[in-house]
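Q: I would like to go through a structure step by step. Could we start with the sheet and then turn to the helices and the aromatic rings?

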Amino acid sequence: MSVGSGDTNNFPFLEKTAQKGRPMVVSSGMQSMETMRRVYRTVKQHNQNFCILQCTSAYPLEPEDVNLRVITEYQKEFPDIPIGYSGHESGIFVSVAAVALGAKVLERHVTLDKSWKGSDHEASLEPAELAELVRAVRTVERALGSGLKQMLACEKQCHDKLGKSIVAKVAIASGTVLSLDMLAVKVAEPKGVPPEDIYELVGKKVSKDVEEDASITVDVVDGYCKNSKC
């Protein structure tokens with residue numbers, strides 16, 4: 001059940017709607033954060049299955065009045081419910097940005113002709129725009145990823161070509177204790193110790209001769225092991 005912005009602060013209506021137990025979508029145009037906190041508490045008493053949409057009640061809505069950052073504020077205030085966006089702006093870009101910010105529900109009005117009488121038609125999407133919006137949202141959803149930062153399989157080819165290793169800046173004799181001025185970072189073959197571990201090599205002894213510009217590989221450094229199981 002959808003609660004339009006004009007009824008969001010009508011608490012008797014809100015309670016009666018929540019008591020029906022059906023999924024609810026509550027828009028928040030023309031409301032303050034304090035009112036929305038009260039809305040959340042009121043609905044939550046009767047219905048666990050609801051979401052709140054950031055909304056600005058203007059038709060058409062100008063970008064400077066959208067205030068998408070409210071989405072992230074709602075996520076902090078109400079972390080146990082989905083937060084969405086109800087848009088009345090022209091075009092699809094702002095709505096796509098809302099999804100990128102974490103909106104889980106997206107509401108847009110649809111018209112067959114924006115030139116029809118009434119301000120809502122001008123702020124609505126025609127069918128072709130709606131299809132474009134859906135495609136864009138699905139692309140953004142794929143692009144959001146997991147949040148886990150790691151090298152991905154698709155980066156392997158680039159890493160194999162451009163990934164750098166620690167190399168010997170000078171010829172290093174077997175038994176030498178490494179110092180920073182003996183080491184450099186370059187694209188090299190075979191791949192050696194990764195650049196982020198350069199300080200871990202300082203003070204360690206090499207067990208083999210290493211030629212100038214040759215990769216410093218794991219097997220030539222005593223006491224170095226990238227794998228925690230070593």
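Predicted model: local features only at pLDDT ≥ 70, side-chain atom pairs only at ≥ 80, totals over all residues.

Q: What holds strands of a sheet together, in general?
A: Strands of a sheet pair through backbone hydrogen bonds, and the pairing is either parallel or antiparallel.

Q: How many bridges are there between E1 and E2?
A: E1 and E2 are paired in the parallel sense over 2 bridges. Val3, for example, has Val26 as its bridge partner in E2.

Q: Next, how many bridges join E2 to E3?
A: Strand E2 (residues 24–27) and E3 run parallel and are joined by 4 bridges. Ser27 has Leu53 in E3 as its bridge partner. Between these two strands the chain passes through H2, and this β-α-β crossover from E2 to E3 is right-handed.

Q: What about E3 and E4, how do they pair?
A: E3 and E4 also have a parallel pairing, over 4 bridges.

Q: Is E3 largely enclosed or open?
A: Strand E3 is largely enclosed by the rest of the structure, because 6 of its 6 residues are buried. Phe50, Ile52 and Gln54 point one way from E3, while Cys51, Leu53 and Cys55 point the other way, and all of them are buried.

Q: Let's switch to H3. Which of its residues are buried?
A: In helix H3 (residues 69–77), the buried residues are Val70, Ile71 and Tyr74. They lie on the same side of H3, because they cover an arc of only 105° around the axis.

Q: Why would residues three or four places apart point the same way in a helix?
A: An α-helix has 3.6 residues a turn, so residues three or four places apart point the same way.

Q: And what is on the other side of H3?
A: Arg69 and Lys76 are there, and both are exposed.

Q: What covers the buried residues of H3?
A: The cover includes helix H2 (33–46), strand E3 (50–55), strand E4 (83–87) and helix H4 (93–100).

Q: New topic: how many aromatic pairs does the structure hold?
A: It holds 3 aromatic pairs. One of them is formed by Tyr40 and Phe50, which are tilted, at 5.9 Å centre to centre with 50° between the planes. This pair links distant parts of the chain, with Tyr40 in helix H2 and Phe50 in strand E3, 10 residues apart.

Q: Are Tyr40 and Phe50 buried or exposed?
A: Tyr40 counts as buried, because its relative accessibility is 15% and the limit is under 20%. Phe50 is buried too, with a relative accessible area of 3%.

Q: Which pair comes next?
A: Tyr74 and Phe78 form a tilted aromatic pair, 5.7 Å centre to centre and with 40° between the planes. Tyr74 is buried at 3% relative accessibility, and Phe78 is buried at 2%.

Q: Which residues do the ring pairs link into a cluster?
A: The cluster consists of Tyr40, Phe50, Tyr74 and Phe78, linked by ring pairs.

Q: What lies over the face of Phe11?
A: Arg38 does, at 3.9 Å from the ring centre.

Q: How far apart are Ile83 and Thr72?
A: Ile83 and Thr72 are 11 residues apart in sequence and 8.6 Å apart in space, C-alpha to C-alpha.

Methods:
Residues numbered from 1 in each chain as written. Heavy atoms only, no water. Buried < 20%, exposed > 50% of the residue type's maximum accessible area, 1.4 Å probe, protein only. Arc of directions from axis to C-beta. Contact = heavy atoms within 4.5 Å. Pairing = 2+ DSSP bridges. Right-handed = clockwise from strand over helix to strand, strands pointing away. Phe/Tyr/Trp six-rings, centres within 6.5 Å; stacked < 30°, edge-to-face > 60°. Lys NZ or Arg CZ within 6 Å of the ring centre and 35° of its normal.
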